[in-house]
Amino acid sequence: MALGYVRPARPSDAGEIARIQLATWRVAYRRMLPKHVLDNLDEEWLGRRWSAAVEAPPSERHRVLVAVEQAEQSYLVGFAASGPPDEQALAPGEPAEALGAGVVAVTDLLVEPRWGRRGHGSRLLAASVDLWRTDGFDTAVAWAFEGDAATRKFLGGAGWEPDGAARALDVDDLLVPQLRLHVSLAAEPEPGAAAEPAQG
């Protein structure tokens with residue numbers, strides 16, 4: 001019988017987090033982003049960034065969590081990263097103060113596709129919500145690609161809704177539209193039976 005749980009990321013997890021990120025992007029975004037862009041992403045560079053995020057986060061409220069599937073042996077199968085919002089959380093032209101001190105921004109919420117539909121995304125989200133409340137946040141936001149139906153369905157099933165903000169990422173001269181979702185952390189999200197997320 002397989003068991004799943006969530007724990008804080010360790011420095012030794014950085015390489016595996018980078019591998020999961022690339023594997024997930026290359027499956028989930030293959031119809032949204034140019035193939036050569038996905039093919040040329042540097043796993044070692046991503047690993048160094050994740051190592052820094054885990055070992056030296058910008059604040060105590062920046063979190064990286066990992067989902068683990070434990071059977072005969074343990075596998076890292078997904079991760080979530082979040083923290084106080086920076087300019088990457090803002091919509092074009094939105095003032096820095098638009099997202100106040102009570103807002104937490106999700107930068108990543110990924111479950112490797114081959115481990116999907118096993119509850120890992122829900123466990124990552126539930127653990128994140130518990131920590132966000134402990135950290136004093138009252139609202140969470142996350143950007144999702146308009147074409148990423150899996151993530152939008154997953155978050156929508158947990159009570160997240162568009163907040164009206166939109167933007168388009170310029171990926172090698174291809175504009176890829178995104179919308180921002182938000183949810184109140186004041187009460188438990190409604191349970192949802194949505195699919196696992198593709199991205200965060």
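User: Of the 200 residues of the protein, what percentage count as buried?

Analyst: This is a predicted model. A residue counts as buried when its relative accessible area is under 20%. In this protein, 44% of the 200 residues fall into that class.

User: How many helices and strands does the protein have, and in which order do the elements run?

Analyst: There are five helices and seven strands. Read from the N terminus, their order is β-α-α-α-β-β-β-α-β-α-β-β. The radius of gyration is 16 Å, close to the 16 Å that the globule rule gives for 200 residues, so the protein is as compact as a globular protein of that length. Its C-alpha trace spans about 50 × 40 × 35 Å along the principal axes.

User: What share of the contacts between residues at least 6 apart in sequence join residues at least 24 apart?

Analyst: A contact requires heavy atoms within 4.5 Å. Of the contacts in question, 73% join residues at least 24 apart.

User: Which residues is Val106 in contact with, leaving aside its neighbours within four places in sequence?

Analyst: Val106 belongs to strand β4, residues 103–111. Its contacts beyond those neighbours are Ala81, Ser82, Trp132, Val141, Ala142 and Trp160.

User: Is Val106 buried or exposed?

Analyst: The relative accessibility of Val106 is 11%, and therefore Val106 counts as buried.

User: How many aromatic pairs does a search of the whole structure find?

Analyst: Two rings form a pair if their centres lie within 6.5 Å. The search of the whole structure finds three such pairs. In one of them, the ring centres of Trp25 and Tyr29 are 6.1 Å apart and the planes stand at 35°, so this pair is tilted. Trp25 and Tyr29 are both buried.

User: What is the geometry of the pair formed by the rings of Tyr29 and Phe145?

Analyst: Planes over 60 degrees apart count as edge-to-face. The planes of Tyr29 and Phe145 lie at 80°, with centres 4.9 Å apart, so the pair is edge-to-face. Tyr29 sits in the loop between α1 (14–28) and α2 (35–39), while Phe145 is in strand β5 (residues 139–145), so the pair ties together parts that are 116 residues apart in sequence. Phe145 is buried, as is Tyr29.

Notes: Residues numbered from 1 in each chain as written. Predicted model: local features only at pLDDT ≥ 70, side-chain atom pairs only at ≥ 80, totals over all residues. Heavy atoms only, no water. Helix = DSSP H or I, 4+ residues; strand = E, 2+ residues; numbered from the N terminus. Rg over C-alpha atoms; globule rule 2.2 N^0.38 Å. Buried < 20%, exposed > 50% of the residue type's maximum accessible area, 1.4 Å probe, protein only. Phe/Tyr/Trp six-rings, centres within 6.5 Å; stacked < 30°, edge-to-face > 60°.
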